[in-house]
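Hi,

Here is the structure I promised to pass on to you. Have a look at it first, and then read on for what turned up.

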Amino acid sequence: MSSANRRLRATLCHTAATRSYAGASDSGEQAADIAKALELVRSPEVREAVRLEQRLHERELNYRLRRDQLQQVLAAAETVHEQKQASTVLDCTERIHTQGFAVLPLLDAERLAALRDGMAPVFHGVARAHARKFGTTAQGELEAGVANPGDINYHRSVPHTANIANVLAKTRAADNVAADPLLRAVIAGVLGSDSFQLSCCHAKCPSPGCGQQGLHRDDGAPGLFELPGGMPGDPGPHRPVVCNTLLAIDDFTAETGATRLIPGSQAWPRSRKPREDDTEPLVMPAGSIMIFDGQLYHAACANTTEKTLRRTLCLNYIPDWCRPIDNHFLSIGRQTILDMPPELSGDLGYRESSRNLGTPDDQNPLDYLRRLLVRGDGSQGSMGFDTSDEDAAAEAELARRD
Ligand SMILES: O=C(O)CCC(=O)C(=O)O
């Protein structure tokens, strides 16, 4: 119990005890005691302590409900495989509740090799596009998968980190990971339902020589942080509403920029700020996956090596309840969307919302849709990082139509 809460309880007990013990005690004294207790209750410090305790209590209740369901799944498991999976899910869910994250050895050597091979052209595509855009001459080096320090910068906020959005449009190599039954069962255990959504599938690579990322949480995107215009955000902590993952395509070592994190910070209120001194590096071999509550403070460390890549696949999940009733993306034709007033198409989901939500490949949805209509379905895989001749042709065609 926090010291503010202890003080509050002590005062209330003291007030009650005084009143009953003294029997016919002076009503003026009682009133003074009560006034003192009320003053304490109203202090911001005590109100915050009480609020935090309530939130932690709600969070605990939510976890216990999920745990009960998972225990039922374990009790109903028939085969050894089902029992092993159910018990791993229970264990991971508990660790994510108590420390904020869990690490699983997910991919065996064969699946890891398939993922590496399938992702290689995607990472090289980013390098090539960047080299073309900035006139880099280190083409051979980039082609070989050895990024020139500082050459790859596709993340909006982190210098020298390759951030590849929309991976599922670019390769089929990640399908096998995203559809993994064990991974999906853990996500369901954390979010409390089998029905969840993949919010994004990105790939990242802090290039050799890149600096460290700033500590952050990943659950700000659903509008839980302060909103633009000063609307207050959720003070937290709350039940998990974002469950994120980082799969190690290469070994995560202290030198290559392993993720650092603050265990336990998933249960902190929003007002508590992270300190670098509290972080721990998450060293894990390739093929492992870290699954974590979006409230956990974490960040990529600096890659201090000269040429060792530390690639990762990031699958980010959210519950399925926060979505429109009508599926406008499927049920309204694309040309109709383009012909609408932009305010309306924006309301239907074709607007880049705050915190970069709803962006196809990090771009403005309507611009993307215009280019897509010219280039045709199937071109999505290269519309993100590839500033190719096809894009130039599409732009020229659009200009002609205008
Ligand atoms: O690559 C990592 O270790 C973390 C990446 C991350 O948190 C981000 O890009 O937001």
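Val 186 is in contact with Val 89, Cys 92, Thr 93 and Ile 291, once its neighbours within four places in sequence are left aside. Please keep in mind that this is a predicted model.

Val 186 also belongs to the largest nonpolar core, which has 59 residues. Val 186 is among those with the most contacts inside this core, a group that also includes Phe 101, Ile 187, Leu 247, Ile 289, Met 290 and Ile 291. Helix H9, spanning residues 181-191, gives the most to the core, with seven residues.

Next, the sheet. Three strands form an open sheet in the order E6-E5-E8, and their pairing is antiparallel. Strand E6 (280-282) and strand E8 (298-300) are at the edges and have a single partner strand each, so one side of each is left without a neighbour in the sheet. From one strand to the next, the twist averages 30°. Strand E5 (residues 259-261) pairs with E8 over three bridges, and Leu 261 stands opposite His 298 in E8.

Which residues surround the ligand? They are Lys 204, Gln 213, Leu 246, Thr 259, His 298, Ala 299, Ala 300 and Thr 312. Sorted by class, the shell around the ligand has four polar, three nonpolar and one charged residues.

Best wishes

Terms used
Residues are numbered from 1 along each chain as its sequence is written. This is a predicted model: local features need pLDDT of at least 70, side-chain atom pairs count only at pLDDT 80 or more; totals for chains, interfaces and linings use all residues. A nonpolar core is a set of buried Ala, Val, Leu, Ile, Met, Phe, Trp, Tyr and Cys residues joined through C-beta atoms within 7 Å. A residue is buried if 20 or more other C-beta atoms lie within 10 Å of its own, exposed if 12 or fewer, and partly exposed in between; C-beta atoms are placed from the backbone. Helices (H or I, at least four residues) and strands (E, at least two) are DSSP runs, numbered from the N terminus. Two residues are in contact if their C-beta atoms, placed from the backbone, lie within 7 Å. Two strands pair if DSSP finds at least two bridges between them. Axes are lines fitted to C-alpha atoms, for helices over the stretch in contact, and angles run from 0 to 180 degrees between N-to-C directions. A residue is near a molecule or strand if its C-beta atom, placed from the backbone, lies within 6 Å of it. Ala, Val, Leu, Ile, Met, Phe, Trp, Tyr, Cys and Pro count as nonpolar, Asp, Glu, Lys and Arg as charged, and the others, Gly among them, as polar.
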